[in-house]
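Please keep the sequence and the three-dimensional view at hand.

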Amino acid sequence: MSPYEWLRRVVRPEAFAAALLGDLEETRRAERGRLGAVRAELRHWRRVISVTLHFASRGRKGALGGIATDLRSSLRRWAGTPTVSITMVASLALGIGASAAVFSVVEGVLLQPLPYNDPGSLVIVRSEFPLHGSGDSRTSGPEPLDLEASDAFADVGVAWYRPGAMTDDGAEPEDVDMAFVSAGFLTTLDIEPLLGRLPTAGEDELGGPEVVVLSHSTWQRRYGGDPAIVGRTVAFDDVPRTVVGVLSPTTRMLMPADVGMPAELAAWIPWGGGYDQLDRNWRVLTTIGRLAPGQSLTQTQAALDGLATELVDRHSDAYGASGFRWRLEQLEDTIVAPVRPVLLVLFAAVWLVLVVATANVANLMLARAARDQHEASVRVALGAGHWRVLRQALADSAIITAAGAVAGVILAAVGVRALPALAPPDLPRLEAITLNWTTLGYTIGLTVGTTLFLALILAHQANKAMRGSLLRSHRTTTGGARTRQALTVAQIALSLVLLVGAALLIRSFVRLSAVDPGYEPDGVLTMKISLVDSHYPYSDRPKIAEFYRQFMQRVGEIPGVTAVGATSRLPLDGSYVVDAYSYEQTDGAIAETGNTAQYRMVTPGWFEAMAATLVQGRTFEWTDDGNSPEVVVIDDTLAARVWPEGDAVGQKIRLRSDFEGTEPPWAEVIGVVRHMRQHPRMIGAEQIYTAHQQAATRTMAISLRTEIAPAPLLGAVREVVHDLNSLQPLQRVRPLDSYLSQAVAATRFALDLLVITAVMALALAAIGTYGIVSFMVSQRVREIGVRMALGAAPADMTRATLRSGAWLIAVGIGVGLPAALAFASSLRGLLFGVSSADPVVFLAVAAGLGAIGLLACSIPARRAARLSPVEALRAD
Amino acid sequence: MTSEFPGEFEQMLMLVILQLGDDAYGARIRERLIEDVGREPSAGALYTTLKRLETKGYVTARAGEASAERAGRPRRYYRPTEAGTASLRRSREALLQLWAPVATTLDQS
């Protein structure tokens with residue numbers, strides 16, 4: 001509703017209101033010429049509000065009419081000192097706006113339920129090997145069948161993902177991500193198709209019909225929303241498939257980040273792999289279950305523990321002495337778990353800012369109350385009761401908080417738009433973040449709370465003034481000095497808390513950025529190739545190896561390329577494979593248990609393209625192929641633990657299993673490289689590299705080191721791929737260092753926001769300290785005059801003022817330190833390479849805050865010194 | 001018809017309306033008040049008082065012409081009624097009566 005509509009509502013009859021508005025418009029135009037546009041506008045709106053309030057309260061008796069009068073008189077008084085009022089409104093707008101924006105993130109990500117039916121009963125099944133100290137977010141092929149047979153769940157569904165190509169005749173091939181699912185996967189999530197149907201039992205069997213369910217966006221983008229799509233034949237990786245259904249545009253696939261489900265899936269294909277034929281150690285399946293009705297997570301977990309023990313007995317060859325078990329996690333928890341700490345810390349931080357802002361406003365209001373105390377005393381002396389005093393206090397604070405809340409909501413609306421840009425890309429459910437009714441409700445709650453708090457402080461002060469203060473001159477009253485000092489101490493303490501948090505995160509971020517990843521991320525372009533199934537069946541390993549050999553050779557010849565190689569998994573790319581290994585000790589004995597390492601397959605040239613450091617021996621060559629003895633390269637972490645004498649090269653290692661589950665032969669260690677960090681935070685994991693040509697897989701990540709800007713080379717690389725196989729798309733082309741910045745994105749996000757909140761708190765606290773010290777000086781003008789008249793030097797006055805300010809700051813820091821310690825320990829999960837009680841940070845922040853506080857005091861202190869004794873004495 | 005005395009601000013407004021004659025409408029009344037009394041009334045007080053004068057029957061209002069500078073809204077011209085001028089007169093007489101004995105003393109102090 002516009003201000004004019006409000007006015008028309010309260011001013012009657014209509015003709016009177018119309019004439020009134022005409023008058024206001026006429027005056028506005030006349031004033032525009034005389035006073036300038038800005039002042040004319042301000043005065044115009046003041047008149048509109050004044051008329052509306054007058055008419056609204058006219059003729060109403062009792063409490064309500066009184067409140068309108070109170071609001072009007074508050075408004076008039078605040079309008080009289082615009083600088084102070086704007087400072088207060090701006091403080092609250094910052095506090096309320098930040099709170100509302102962060103609340104909307106917390107609400108969208110943490111509080112809103114998943115968009116699935118009964119999300120509480122959906123679980124994800126993870127694998128754990130306690131005796132190996134390892135685990136995996138996925139299960140192997142046969143395990144979901146065991147789960148299904150056990151009746152522990154109402155429904156079980158599995159999925160795995162891989163990039164592929166849409167290869168319809170007469171259309172450009174398009175690279176997309178596809179999900180291969182059991183018939184039960186989509187039904188377990190209770191997803192309804194928009195068109196057609198979901199895959200049915202039997203379609204996921206070996207040799208079942210080749211069908212596909214398309215995503216809504218694929219249907220729209222590639223097939224123009226063809227209403228007759230169901231029944232049409234489309235081609236994926238050169239395999240014709242009949243479309244049986246299309247999902248609705250609102251369907252969201254939300255899985256925990258470590259499962260590695262691509263953000264955008266083009267198609268769901270019932271998978272005919274024959275789960276029972278797969279190796280029990282090949283963990284590639286995302287397995288979800290819906291708890292049976294009436295069964296709790298704990299009960300189901302207990303049932304599965306029993307089942308796992310049975311399986312380990314029955315398949316001891318596969319599970320060995322690993323202590324294998326499944327671990328169930330509620331889907332909802334596990335999706336938001338990684339971001340929960342960051343969001344909760346932020347939530348706490350904005351709350352602290354709001355408290356600091358409110359303290360600031362309370363301080364300014366009390367200063368005003370002290371000034372108006374004489375007037376208040378008169379009013380009380382004339383018979384105003386407690387309720388009347390409280391009502392005026394409520395009106396005074398309500399006007400400011402309401403204006404602050406309106407400005408705050410506008411700020412929050414802007415902030416909520418900006419947050420996704422700052423947020424780490426893997427923040428789940430970014431699209432769920434909006435400024436909705438829940439957030440508005442929360443903001444209204446905050447506003448009402450703040451109003452009441454401020455009103456209580458004001459009313460308390462005013463009531464104290466009621467006790468006989470008419471007898472005293474208003475100059476000598478304390479005017480809530482004690483309360484104001486306490487508020488300032490609280491502001492300094494809370495600012496210290498936020499500053500310590502921000503400083504710890506800054507130090508962590510510097511440490512994190514300085515971590516040597518074990519390779520040189522600059523100047524490397526990465527891309528993925530996933531060979532098309534129909535041309536490169538995964539059993540034809542020589543053909544796959546040959547593709548990559550030719551690819552590397554030809555790309556290596558492109559001018560500007562200094563090195564090229566491929567790996568099964570890039571470091572920093574989220575997921576990684578951990579497996580157990582055995583090794584031959586120097587005395588010839590075999591160490592079987594307790595050894596796990598991250599492993600990846602790499603081609604010759606990869607270590608060179610990554611600029612990894614070779615410590616000992618050599619890296620792979622093209623002659624290390626299927627016809628030559630098995631070889632591995634290990635990292636220096638593994639070498640140092642297993643062969644501390646430095647004689648790792650030439651020793652024997654055996655990985656527990658390869659993809660077929662056959663016992664692989666012993667492999668010879670041919671080289672040792674520096675440890676390459678999987679993630680900047682991850683330390684200590686051992687690493688084993690196997691030769692890709694000796695066990696080739698189809699999906700590989702290429703690393704291309706170039707000496708010139710890589711963009712122009714990309715065309716040449718695409719040409720090579722096209723020459724080798726015209727159907728083959730190149731996927732996820734991006735620089736290697738972008739993975740690095742993504743890996744530290746969560747820390748960066750928390751850091752950015754905590755620094756913003758800390759700076760806000762610091763500014764508010766500095767203003768608050770300045771305000772209280774100025775106030776103390778103005779209270780003591782006469783005392784200062786007397787002392788100076790008696791011969792005190794101006795420098796003494798400065799010192800005395802600074803001393804009183806310094807005392808407040810010292811108490812604030814003293815109170816803040818333990819609180820900061822507690823806050824810092826809640827940050828522990830976000831810190832890196834710095835203790836949550838880092839003395840350097842605490843000392844530096846306390847010293848910095850003290851210095852800024854003293855700086856704020858120095859302004860009124862100098863003013864005190866410049867007072868002329870004559871004027872100071874006359875001041876009363 | 002009421003026999004009570006008009007308030008101070010009511011009197012001021014009626015006097016301005018009388019002065020302005022045919023030109024007595026809101027924006028003009030406001031300007032003249034500032035010129036003559038040197039004080040800018042709050043817009044709310046001005047219009048609630050005008051409304052009250054109408055309700056009490058001290059003034060009558062008629063719609064005037066609309067113009068572009070008023071965003072197409074009509075003026076509302078006021079004219080005192082018999083009752084209005086009578087109450088002004090009553091008030092003046094009462095005040096003069098009260099002033100007469102003290103005027104000299106007050107003027108000298």
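The largest nonpolar core of this predicted model has 243 residues. Within this core, the residues with the most contacts are A:V353, A:L496, A:V500 and A:A761. Helix α12 of chain A, which covers residues 340-371, supplies the largest share of the core, 19 residues. What does A:A761 touch, if its neighbours within four places in sequence are left aside? The residues in contact with A:A761 are A:L352, A:V353, A:V356, A:L494, A:S495 and A:L498. Apart from this core lies another, of 20 residues, which includes A:L122, A:A152, A:F153 and A:L311.

Chain A as a whole may be described next. Chain A contains 26 helices and 24 strands. Of its 876 residues, 44% count as buried. Among the contacts in chain A with a separation of 6 or more, 83% are between residues 24 or more positions apart.

Directly after α6(A) comes A:D151, a residue in the loop between α6 and β4 of chain A. A:D151 has a positive phi of about 60°, although it is not a glycine. Is A:D151 buried or exposed? Because there are 9 other C-beta atoms within 10 Å, and a residue counts as exposed if 12 or fewer lie within that distance, A:D151 is exposed.

A positive phi is also found at A:A611, where the value is near 55° in a residue other than glycine. A:A611 lies in the loop between α18 (606-610) and β18 (614-617) of chain A. A:A611 has 17 C-beta neighbours inside 10 Å and therefore counts as partly exposed.

Another loop residue is A:S248, found between β9 (239-247) and β10 (267-270) of chain A. A:S248 counts as exposed because it has 12 C-beta neighbours inside 10 Å. Not counting residues up to four places away in sequence, A:S248 touches A:E192, A:L194 and A:H216. A:S248 and A:L214 are 34 residues apart in sequence, and their C-alpha atoms are 9.6 Å apart in space.

One further detail of the backbone of chain A concerns a peptide bond. A:R12 and A:P13 are joined by a cis peptide bond, with omega about -5°. The loop that holds A:P13 runs between α1 (3-10) and α2 (14-35) of chain A.

The text now turns to the place where chain B meets chain A. This contact takes 18 residues from chain B and 19 residues from chain A. On the side of chain B that touches chain A, the elements that give two or more residues are α2 (26-37), α3 and β2 (74-80) of chain B. Which element gives the largest share of that side? The largest share, six residues, comes from α3(B). By class, the residues on this side of chain B are seven nonpolar, four polar and seven charged.

Helix α3 of chain A, residues 37-57, packs with α3(B) at an angle of about 45°, and their axes are 7 Å apart. The two helices, α3(A) and α3(B), are therefore oblique to each other. The crossing of α3(A) past α3(B) is right-handed. In this contact, α3(A) contributes A:R47, A:S50, A:V51, A:L53, A:H54 and A:F55, while α3(B) contributes B:A43, B:G44, B:A45, B:Y47 and B:T48. The contact of α3(A) with α3(B) has six nonpolar, four polar and one charged residues.

Within chain B, α3 also packs with another helix. Helix α1 (residues 8-20) and helix α3 (residues 43-56) of chain B have their axes 10 Å apart and pack at an angle of about 80°. They are therefore roughly perpendicular to each other. The residues that meet are B:F9, B:E10, B:L13 and B:M14 in α1(B) and B:A45, B:T49, B:L50 and B:L53 in α3(B). By class, this contact of α1(B) with α3(B) has six nonpolar, one polar and one charged residues. B:A45 takes part in this contact and in the contact with α3(A).

Definitions and conventions: Residues numbered from 1 in each chain as written. Chains lettered and ligands numbered in written order. Predicted model: local features only at pLDDT ≥ 70, side-chain atom pairs only at ≥ 80, totals over all residues. Axes fitted to C-alpha atoms, helices over the stretch in contact; angles between N-to-C directions. Helix = DSSP H or I, 4+ residues; strand = E, 2+ residues; numbered from the N terminus. Parallel < 35°, antiparallel > 145°, perpendicular 65-115°, else oblique. Contact = placed C-beta atoms within 7 Å. Nonpolar A, V, L, I, M, F, W, Y, C, P; charged D, E, K, R; others polar. Core = buried A, V, L, I, M, F, W, Y, C linked by C-beta atoms within 7 Å. Left-handed = near helix turned anticlockwise from the far one by under 90°.
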